[in-house]
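Good morning, and thank you for coming. I shall take you through selected local features first and then turn to the contact between the chains.

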Amino acid sequence: MLMLFFFLFFSTQAFANLGAGNSYVKDGVYFSDVQLPFKLQQQQIEALDSGLTLRFQLSFSIVDIRNWRIDRDIGSLSQAYSIRLNAFTGRYMISNLNIGTKASFSSIEEVEVFFSEIKNIPLVDDSILDIEKNYSVIMEAEISAEGISQWIKTLSFWRENLDTEFEAIEWKLLD
Amino acid sequence: METFRLSSIKIRKIVSVLIFLSIASLIALLFSDDDPTEFNRIQVSLLAVNILSFFALLPVVALSAKNLFHDYKQKKLGAKLRFRMALAFSGLALIPAIVIFFFAINFMNKGISVWSDADVEKGLSDALMLGRSALDERIQDGLFATSNISIQLKGMENITQLLENQRKENDAIQLSLIDADLRLLASSSSQVDQSSVRVPTAFEINQVALKQSWTSLDSTTDDRYLIRVLVPVISFSLNEKPIYLQALYSLDPKLSMMAYSVEETYARYGMLSFMKTPIQYSYALTLGIVVMLSLLLAIYGSFEFADRLVKPIESLEKQTDKKTDSEQNFSNKKEYGEEDEIAVLVNSFMAAQKEAAWSDVAKRMAHEINNPLTPIQLSAERIQKKFIGSPQEKEFIEASTKTIITQVDVLRDLVSAFSNFAEREKLSFSKIDINNLIEESIQLFSRQHENISFDIKKDHTGLIEVDANKIQQVLNNLLLNAIDACNQAEKPAINFETKTTKNNSGKYCQITINDNGQGFDEDIIKNAFEPYQTSKEHGKGLGLAIVKSIIDEHKGEINIDNSNVGAIIKIILPIEQENRESVQ
């Protein structure tokens with residue numbers, strides 16, 4: 001019973017996704033474009049339509065992959081968005097929580113298209129990188145319900161989980 | 001016993017800490033953030049403290065209940081009253097707590113249901129629709145104005161001035177020209193800072209390409225609404241790439257504020273409705289844990305309270321019970337109609353009072369009778385010696401004085417018996433073989449009563465701890481009674497039997513004396529152990545009272561009854577006298 005409780009408390013629903021990412025240099029800065037098969041669960045759409053705010057977070061880690069040694073973290077970056085339905089306009093508002101820009105969409109499909117390809121994410125200045133090294137970018141993405149405590153989420157055990165995690169995507173920074 | 005006391009003190013300390021923690025966490029929970037959706041870590045921690053306290057207290061209460069039930073089943077002194085009191089106190093706590101819990105749950109659910117009340121939902125929806133209508137009208141105005149501006153744009157010559165004029169004319173806060181590569185070509189803004197131009201996204205540009213227009217309602221950081229319109233400029237292009245005109249229009253601040261307020265309320269309402277059931281579960285669970293913990297504390301408190309309340313009664317009862325016999329108590333139970341500790345206590349008091357009265361009377365009688373006996377005896381002896389007269393007269397005097405002296409001796413025996421009953425000597429315990437003691441008593445009387453068959457069945461082996469002289473006195477008294485009872489029988493027989501018995505208090509030796517005499521009168525059996533109860537013509541009625549008194553002093557038990565032939569007497573004595581408890 002206790003095990004079940006902890007399982008429910010700490011579990012998040014992960015679904016298998018195959019995404020892709022690539023990086024390029026522009027004006028001395030490495031940028032990344034990410035393609036994700038972004039798809040909201042039915043429960044998440046219902047939650048959005050009810051007034052809940054979802055948070056979509058992308059976490060990038062730049063890692064120096066070293067043979068026979070522990071990999072070295074070069075840096076990390078987090079890019080977060082909030083998604084909510086503006087009941088007044090009936091449009092889904094997406095806010096980039098890092099820079100404050102906002103966009104609105106008339107349907108969930110448009111939201112999904114928006115997040116399916118995220119471009120021009122600045123990652124790292126090339127001055128701190130060694131061209132000879134073997135760098136990888138690892139991106140983890142997750143959707144979570146904002147303003148709902150884990151406790152209340154646990155007590156919604158009969159529903160699909162509002163939180164989802166994407167499979168991590170990895171690509172070479174210097175390809 | 002010492003270990004038990006120590007562990008009991010430790011348990012009390014632990015329980016005190018748990019009670020303190022629980023009450024502190026309950027109070028903290030009460031005053032913590034009451035936002036139902038934000039059941040934060042502190043609240044979860046506080047709840048966890050309560051759950052842990054509950055699970056820590058549960059075995060303590062279970063142990064107390066088990067001990068109490070065990071004592072009750074063993075019929076230990078005070079257990080029945082403690083059991084009843086604990087049950088009553090627990091019941092008094094349990095019933096109102098359960099009633100309050102279900103009422104609280106019911107009221108809470110009703111209260112939460114009000115959130116999702118149909119009227120509230122409809123009112124909010126209507127407010128939204130009303131606001132939307134007002135905004136749609138404003139958006140359409142913006143779209144119409146922006147399309148008109150785009151028609152008037154013919155080229156890039158003087159474009160900034162043209163945009164500035166059109167912006168002012170159409171009451172826009174920003175007009176900007178953007179190419180297909182999302183580059184800003186020109187703009188006019190009411191704000192000085194040009195960098196604040198919001199460049200459309202590629203998606204929005206694609207939408208314009210598909211639908212010929214794009215409108216959106218953007219909210220600003222200061223919670224205002226902006227209408228954004230994006231249309232293609234069809235009258236000219238740049239390097240054969242399409243150009244787009246973006247216009248921003250502000251809403252009336254008052255309307256914007258109201259729209260924001262309605263939208264926020266609607267969103268909050270929607271979120272609470274969506275999370276209604278888990279919020280109900282959360283409250284019910286919290287309330288349930290709080291009630292369960294409170295109940296557990298109340299039950300534990302009731303055990304402790306009952307224990308403390310009954311302890312002085314138990315102590316008093318133990319004291320009175322030492323002075324009285326349990327058989328008397330038992331026979332008096334019917335008289336007082338109850339069998340609980342209070343009735344036993346009353347019985348014990350009554351019996352102690354009765355025994356004290358008898359003892360007092362015996363002492364006084366012994367004293368008052370003993371005093372004149374010596375001068376009577378001396379005077380009789382002097383008369384016997386000094387009398388000078390005819391042989392016939394002397395013979396008469398001698399016979400008479402002899403009778404006086406003999407009767408004085410009888411009276412002395414009676415006084416001695418009274419004294420023995422009234423004054424209890426301190427017992428001197430030693431370990432003896434009870435079978436040997438019985439055989440000694442049999443030998444003492446068998447020579448004088450050769451017609452009687454004596455037998456002993458020795459099933460008990462080993463030594464028992466008794467005052468040998470007192471138990472010998474008991475055996476002699478009972479044997480004399482048995483001899484008197486069966487002397488007239490055709491084949492008089494007296495049989496002894498010893499055996500070992502056991503109960504939870506320890507090991508006991510049971511002595512049974514069975515004769516084939518006429519048995520006891522039914523009236524005598526009831527009060528056989530009270531002083532001056534006898535069926536013998538010349539009996540003093542103190543024999544069985546003294547026997548009972550000695551057995552009680554040994555923390556034993558004696559029962560008399562009639563068998564199919566004659567009387568049967570059973571004595572139960574504890575084998576060990578240390579830490580002894582009464583047989584019951």
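I begin with B:Gln212, which sits in the loop that joins helix H6 (202-211) to strand E3 (214-219) of chain B. Please bear in mind throughout that this is a predicted model. The phi angle of B:Gln212 is near 70°, a positive value in a residue other than glycine. Its relative accessible area is 47%, so B:Gln212 counts as partly exposed, given that the exposed class begins over 50%.

A second residue of this kind is found in chain A. A:Asp27 has a phi near 55°, again positive and again in a residue other than glycine. The loop that holds A:Asp27 runs between strand E2 (20-26) and strand E3 (29-35) of chain A. With a relative accessible area of 76%, A:Asp27 is exposed.

Where does B:Asp179 lie? B:Asp179 belongs to strand E1 of chain B, residues 174-179. Its relative accessible area is 4%, and B:Asp179 is therefore classed as buried. The side chain of B:Asp179 reaches two backbone nitrogens: that of B:Asp181 at 2.9 Å and that of B:Arg183 at 2.8 Å. Leaving aside residues up to four places away in sequence, B:Asp179 touches B:Leu185, B:Pro242 and B:Tyr244.

In chain A, the corresponding example for today is A:Lys153, in helix H4. A:Lys153 is buried, at a relative accessible area of 14%. Beyond residues up to four places away in sequence, A:Lys153 touches A:Ser144, A:Ala145, A:Ile148 and A:Asp163. Of these, A:Asp163 is ten residues from A:Lys153 in sequence, and the two C-alpha atoms are 8.9 Å apart.

I turn next to strand E11 of chain A, residues 169-172. Its covered face consists of A:Ile169 and A:Trp171, while A:Glu170 and A:Lys172 form the uncovered one. E11 pairs with strand E9 (residues 135-145) of chain A in the antiparallel sense, over four bridges. In that pairing, A:Ile169 is the bridge partner of A:Met139.

Finally, the interface. How many residues of each chain take part in the contact? Chain A contributes 31 residues and chain B contributes 39. The area buried between the two chains is about 3,100 Å², and carbon and sulfur atoms give 66% of that area. On the chain A side, A:Phe88, A:Lys102 and A:Trp151 supply 25% of the area that this chain buries against chain B, more than any other three residues.

As for polar features, five residue pairs are in polar contact across the interface, both members at pLDDT 80 or more. There are two salt bridges between the chains. In a salt bridge, the side chains of A:Arg84 and B:Glu264 meet at 3.9 Å, N to O. The side of chain A that touches chain B draws two or more residues from each of helices H2 (42-50), H3 (108-116) and H4 (150-154) and strands E5 (72-86), E6 (91-96) and E7 (102-105). By class, the residues on this side of chain A divide into 15 nonpolar, ten polar and six charged.

Technical notes: Residues numbered from 1 in each chain as written. Chains lettered and ligands numbered in written order. Heavy atoms only, no water. Contact = heavy atoms within 4.5 Å. Buried area = accessible area lost by both parts, 1.4 Å probe. Salt bridge = Lys/Arg side-chain N within 4 Å of Asp/Glu carboxyl O. Polar contact = N/O pair within 3.5 Å; in protein donor to acceptor, adjacent residues only side chain to side chain. Nonpolar A, V, L, I, M, F, W, Y, C, P; charged D, E, K, R; others polar. Buried < 20%, exposed > 50% of the residue type's maximum accessible area, 1.4 Å probe, protein only. Pairing = 2+ DSSP bridges.
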